[in-house]
Amino acid sequence: MLYRVAGQYKTSYQADYALFPVRQDAFLLGIILIMAFVVLPATANDFVFRALLIPVLIYALAAMGLNILTGYAGQLSLGTGAFMGVGAYACFKLVTIFPEMNILVAVLLSGFFSATIGMAFGLPSLRIKGFYLAIATLAAQFFLVWLFQKWGWLYNYHTSGAILVPNIQMFGITVSGPTATAMAQYYFVLGVVALMTILAINVTRGRIGRIWKSVRDMDIAAELVGINLMKAKLMAFFVSSYIVGVSGALFVFMWRGAAEAELFDVQLSFRVLFIAIIGGLGSILGNYLGAILIVALPVLLNVVPRALGLPISSSMVEHLNTMTIGALIIFFLIVEPHGLARFWQIIREKLIIWPFPH
Amino acid sequence: MNAHAQPHAMATAMDDGIAMGDTLMEVKNVSLRFGGVKAITDISFDVKKGEIRAIIGPNGAGKTSMLNVINGFYTPQEGTIVFRGEERRAMRPHHAVRQGIARTFQNVALFKGMTTLENIMAGRSVMMHRNILWQMLWRGPALDEEIAHREKVEEIIDFLEIEHIRRTPVGRLPYGLQKRVELGRALAMEPSLLLLDEPMAGMNLEEKEDMSRFILDVNQQRGTTIALIEHDMGVVMDLSDRVVVLDYGKKIADGTPDEVKTDQSVIDAYLGVAH
């Protein structure tokens with residue numbers, strides 16, 4: 001009953017290319033957007049903002065960047081953490097060199113630095129695939145983190161070796177730095193992430209998305225329909241690393257407030273990869289679902305037993321979290337390699353034909 | 001000579017300035033070796049515009065290698081290919097596509113995770129030019145372009161009678177339909193020369209009849225020149241205008257189906273003789 005596509009006719013291809021050809025989907029998205037823009041900010045406290053909402057959005061964006069590369073274009077990467085780092089350090093240098101620069105501009109520009117570096121490290125993809133490419137990107141991961149530690153210019157030779165986010169105002173409101181309110185940061189992140197999501201959806205459903213998916217599904221046949229593999233792969237690395245870089249800048253400026261090189265180590269790469277896998281490779285929605293799961297899980301493990309009166313130590317929470325995530329990944333790889341997004345798709349297909357299964 | 005008038009207002013093959021019946025492609029003394037293995041030895045033949053040209057021969061005769069040379073996968077050690085008056089030897093497949101050569105594979109080479117519609121749309125990638133900035137906006141020129149190409153693709157979907165599987169990921173489709181989608185993708189490229197590598201392999205009689213009808217319609221309505229490899233002799237003899245026969249990488253016969261059928265060396269190659 002919830003989903004009825006009967007009676008929704010499309011009389012032009014333009015109507016067919018609407019973002020949500022099915023009316024109920026648009027309605028559902030409307031509710032989610034109202035939740036995200038109005039209801040949640042109105043009800044959330046600082047803890048919810050900083051422990052749940054902001055990290056979910058930032059991780060979802062990072063996973064979306066990785067998903068474009070791995071889920072759409074089929075090029076496995078383990079360097080996501082380092083590319084996030086490039087975005088963060090680039091943003092830091094931009095705001096310290098040009099203090100008048102609008103923080104939004106700085107965040108969006110910093111993506112181009114990681115995009116360029118990501119593309120350079122994507123060059124091996126022209127010759128190698130699969131696991132071998134993953135190892136090549138892993139080299140990028142280790143090299144870049146080493147560079148973040150050793151190149152003092154990047155963190156302005158601060159004695160701690162870390163980057164500290166200064167107070168930055170945008171239109172008179174402090175959006176980053178120690179005095180920024182969580183709500184301002186949340187709206188900033190939400191705006192950037194929503195914009196990126198729309199652009200990513202548009203790119204992946206058009207010509208370029210098809211090119212990427214053809215490269216993923218069968219590169220020989222892709223070449224045969226006239227696709228230039230080199231251009232397609234490098235563009236995937238560029239776009240992916242751009243989004244990852246922007247998420248890295250948000251990660252430090254809107255959430256962590258400070259960062260050392262170790263923050264961007266391979267752990268972060270894996271975390272983002274897990275989000276993309278659990279959420280669903282080759283899906284935009286999946287990144288959000290995966291990020292919600294991965295971010296909310298430790299919080300839930302922390303809060304729920306306490307609410308039930310069970311004493312649980314914080315190290316126990318950590319162990320439980322690691323174990324659950326590990327189990328989930330094995331579960332998804334075996335049961336549903338296309339992740340949570342596919343679950344939603346199946347539910348939706350079932351709802352459309354329910355209660356008559358034929 | 002305009003023997004093949006177009007009864008339908010369907011997209012026609014690329015206008016290449018070559019009259020029907022003139023030579024579209026010529027294979028000149030091509031030899032291809034893999035190390036010490038001679039896949040193709042000194043083969044020459046031509047394909048005339050508007051005809052259906054069959055390439056037949058026993059297994060391992062070098063038919064697929066020949067197609068791979070024509071569309072740029074392999075570079076022959078000797079000899080050249082003249083296509084639409086342009087002579088070339090080494091090229092990448094995506095250049096061959098730009099010249100107007102499309103092909104299907106013996107074992108279906110579709111994009112399994114994409115729907116039928118996306119697969120056929122992917123065939124038009126070369127013809128779409130809006131850059132990523134327009135794509136991101138999904139308004140104005142990018143959407144217009146998408147819709148213009150979608151209309152062409154829907155014509156092909158109608159033509160191949162695959163409307164009902166438009167939104168189905170091709171990985172879920174049965175083999176016969178996958179072959180048809182692959183033909184659709186090749187047609188979407190609006191080629192002047194269409195290479196079909198065993199379009200009917202593994203099909204039942206009904207599917208073969210459907211496929212034969214599509215091949216003839218493509219040839220006659222769209223004026224597309226076709227070079228095909230096929231093992232089903234009944235199909236080959238009925239469909240093709242001229243046949244070239246290969247055996248052990250050499251050309252052993254070339255001519256109309258009737259001429260080839262009665263050629264002693266062809267009979268020997270297929271039935272086997274005491275060497």
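Me: I'd like to start with overall size. What radius of gyration does chain B have, and what would a compact globule with 275 residues have?
Reply: The idea is to set the chain against a rule for globules. With 275 residues, a compact globule would have a radius of gyration near 19 Å, and chain B agrees because its own value is 19 Å. Keep in mind that this is a predicted model. Along the principal axes, the C-alpha atoms of chain B fill a box of roughly 65 × 40 × 40 Å.

Me: Now the fold. How many helices and strands does chain B have?
Reply: There are ten helices and ten strands in chain B. For a sheet, you read the order of the strands and then their directions. Six strands of chain B make an open sheet, in the order β6-β7-β8-β3-β9-β10, with mixed pairing. The edges are β6 (101-104) and β10 of chain B; each has a single partner strand, so one side of each is left without a neighbour in the sheet. On average, neighbouring strands are turned by 15 degrees against each other, direction ignored.

Me: Which way do the strands run where β9(B) meets β3 (residues 52-56) of chain B?
Reply: Those two run parallel and are joined by four bridges. One pair to look for is B:A54 with its bridge partner B:V243 in β9(B). On to the next neighbour: β9(B) and β10 (residues 250-255) of chain B pair in the antiparallel sense over five bridges. B:V243 stands opposite B:G255 in β10(B). The two strands form a hairpin with two residues between them, and B:Y248 in the turn has a positive phi of about 50 degrees.

Me: Where do the side chains of a strand point?
Reply: In a regular strand they alternate between the two faces of the sheet.

Me: Which strands does α1(B) lie across?
Reply: For a helix on a sheet, list the strands it covers, then take an angle. α1(B) lies across β3, β6, β7, β8 (225-229) and β9 of chain B, running at about 150 degrees to β7(B). Seven of the eight residues of α1(B) (residues 63-70) are buried, among them B:M66, B:L67 and B:I70. Just after this helix, B:G72 takes a positive phi of about 90 degrees. Helix α10 (residues 264-271) of chain B lies across β9 and β10 of that chain, at about 125 degrees to β10(B).

Me: And two helices together: at what angle do α4 (residues 80-97) and α6 (residues 130-150) of chain A cross?
Reply: Read distance, angle and hand. Their axes come within 8 Å and cross at roughly 35 degrees, in a left-handed crossing. Residues that meet there include A:V86 and A:Y89 in α4(A), and A:L144 and A:F148 in α6(A). By type, the contact has seven nonpolar, three polar and no charged residues.

Me: Finally, how many residues does each chain give to the contact between A and B?
Reply: Chain A gives 24 residues and chain B gives 32. On the chain A side, α8(A) supplies the largest share, seven residues. That side divides into twelve nonpolar, seven polar and five charged residues.

Note on methods. Residues are numbered from 1 along each chain as its sequence is written. Chains are lettered from A and ligands numbered from 1 in the order in which they are written. This is a predicted model: local features need pLDDT of at least 70, side-chain atom pairs count only at pLDDT 80 or more; totals for chains, interfaces and linings use all residues. Two residues are in contact if their C-beta atoms, placed from the backbone, lie within 7 Å. Ala, Val, Leu, Ile, Met, Phe, Trp, Tyr, Cys and Pro count as nonpolar, Asp, Glu, Lys and Arg as charged, and the others, Gly among them, as polar. Axes are lines fitted to C-alpha atoms, for helices over the stretch in contact, and angles run from 0 to 180 degrees between N-to-C directions. A crossing is left-handed if the near helix is turned anticlockwise from the far one by less than a right angle, and right-handed if clockwise. Two strands pair if DSSP finds at least two bridges between them. A residue is buried if 20 or more other C-beta atoms lie within 10 Å of its own, exposed if 12 or fewer, and partly exposed in between; C-beta atoms are placed from the backbone. The radius of gyration is taken over C-alpha atoms; the globule rule is 2.2 Å times the number of residues to the power 0.38.
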